[in-house]
Structure formats: structure tokens, C-alpha cells
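Dear colleague,

Please find below the structure for your review. A short account of the findings comes after it.

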Amino acid sequence: MSTLITVDLRDATPPFEQIRAQIASLIAVGHLADGTRLPTVRALAGDLGVATGTVARAYKELEAHGLVESRRRLGTVVTSPAARPATAPEQRVHSLMDELIATARQSGIDDAALLSLFQGKLRSGA
């Protein structure tokens with residue numbers, strides 16, 4: 001899982017928030033299913049080259065939003081609200097995202113470039 005998460009230290013977004021947002025996205029799209037164990041704080045921090053407190057804060061934020069739960073002897077586990085049906089606006093956004101991804105790939109835009117374009121648009125407030 002840690003290969004799916006990156007931290008850009010040049011980004012104005014704090015590293016803990018980058019980690020939190022990426023894990024939340026992985027949960028939202030179903031890549032991390034309910035019951036999936038997340039890496040230990042120490043392991044993920046080592047993989048990403050950040051302090052353990054950074055990852056711990058991201059995990060705390062995820063727990064506060066009900067996306068993960070810390071369990072004794074099991075570590076941090078996804079408790080995804082994926083069981084709830086998506087609302088109509090969420091379904092529309094998922095459909096638009098699927099269409100965008102398909103269009104980008106047909107146009108020869110790779111996933112990394114698409115993600116970078118999307119992040120740029122979000123930052124510009126578009």
C-alpha cells in the first residue's frame with residue numbers, strides 16, 4: 001500500500017494531510033476494503049521518509065472521520081463506510097471520473113500526468 005502513497009515536501013499541503021487525503025481516497029474508491037490492515041506508523045513513515053508523528057497524525061485524523069480504527073494486536077484497520085449506498089451526487093462524480101480517466105487514457109495521458117493535472121486544477125480553485 002505504501003507504494004500508492006507519496007509525500008511531496010515542496011507542496012504547501014502538510015505531509016500528514018497529504019497522507020490522510022490519499023488513504024481516504026483509496027478507501028473511497030474501494031482500493032482499501034473494510035478490514036484491511038494499514039502499515040504500522042513506523043513502517044509507513046520509513047517508506048515515505050517522514051517522521052512517525054506525521055503518519056500518526058494522519059491515522060488519527062482518519063480515525064476521527066470514522067475511516068479507520070486502531071485495534072489492539074491488529075494495528076490500524078480500515079472501517080470503511082463503503083457499505084452505505086452512494087448518494088446520487090457521489091454516483092455522478094464517480095461516473096464523471098470514470099469518463100475522465102477513459103478519455104485521458106485514450107488521449108495518451110498517463111495516470112501520473114492526469115493526477116498532476118487534476119491536483120493543479122484543485123489548487124487553482126477551478
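The notes below cover confidence, the nonpolar core and the salt bridges.

The model is predicted. Its mean pLDDT is 87, and 91% of the residues reach 70 or more. Helix H3 (residues 52–64) has the highest confidence, at a mean of 96, while helix H5 (residues 111–124) has the lowest, at 83. Where pLDDT is low, the predicted coordinates should not be read in detail.

The largest nonpolar core comprises 21 residues, and Ile19 and Ile23 have the most contacts inside it. At least two residues of this core come from each of helix H1 (15–28), helix H2 (41–48) and H3. H1 gives the most, with six residues. Apart from its neighbours within four places in sequence, Ile19 is in contact with Ile5, Val7, Leu44, Leu48, Val50, Thr54, Val55 and Ala58.

The count of salt bridges comes to four. One of them joins the side chains of Arg20 and Glu17, at 2.6 Å from N to O. Both residues lie in helix H1, three residues apart, about one turn of the helix. Arg20 counts as buried because its relative accessibility is 18%, under the 20% cut-off. Glu17, at 24%, is partly exposed.

A further salt bridge links Asp8 and Arg10, at 3.4 Å from N to O. Here Asp8 is partly exposed, at 30% relative accessibility, whereas Arg10 is exposed, at 78%. Arg105 and Asp111 also meet through their side chains in a salt bridge, at 3.0 Å from N to O. Arg105 is exposed, at 52%, and Asp111 is partly exposed, at 43%.

Yours sincerely

Methods
Residues numbered from 1 in each chain as written. Predicted model: local features only at pLDDT ≥ 70, side-chain atom pairs only at ≥ 80, totals over all residues. Heavy atoms only, no water. pLDDT = per-residue confidence, 0-100. Helix = DSSP H or I, 4+ residues; strand = E, 2+ residues; numbered from the N terminus. Core = buried A, V, L, I, M, F, W, Y, C linked by side-chain atoms within 4.5 Å. Buried < 20%, exposed > 50% of the residue type's maximum accessible area, 1.4 Å probe, protein only. Contact = heavy atoms within 4.5 Å.
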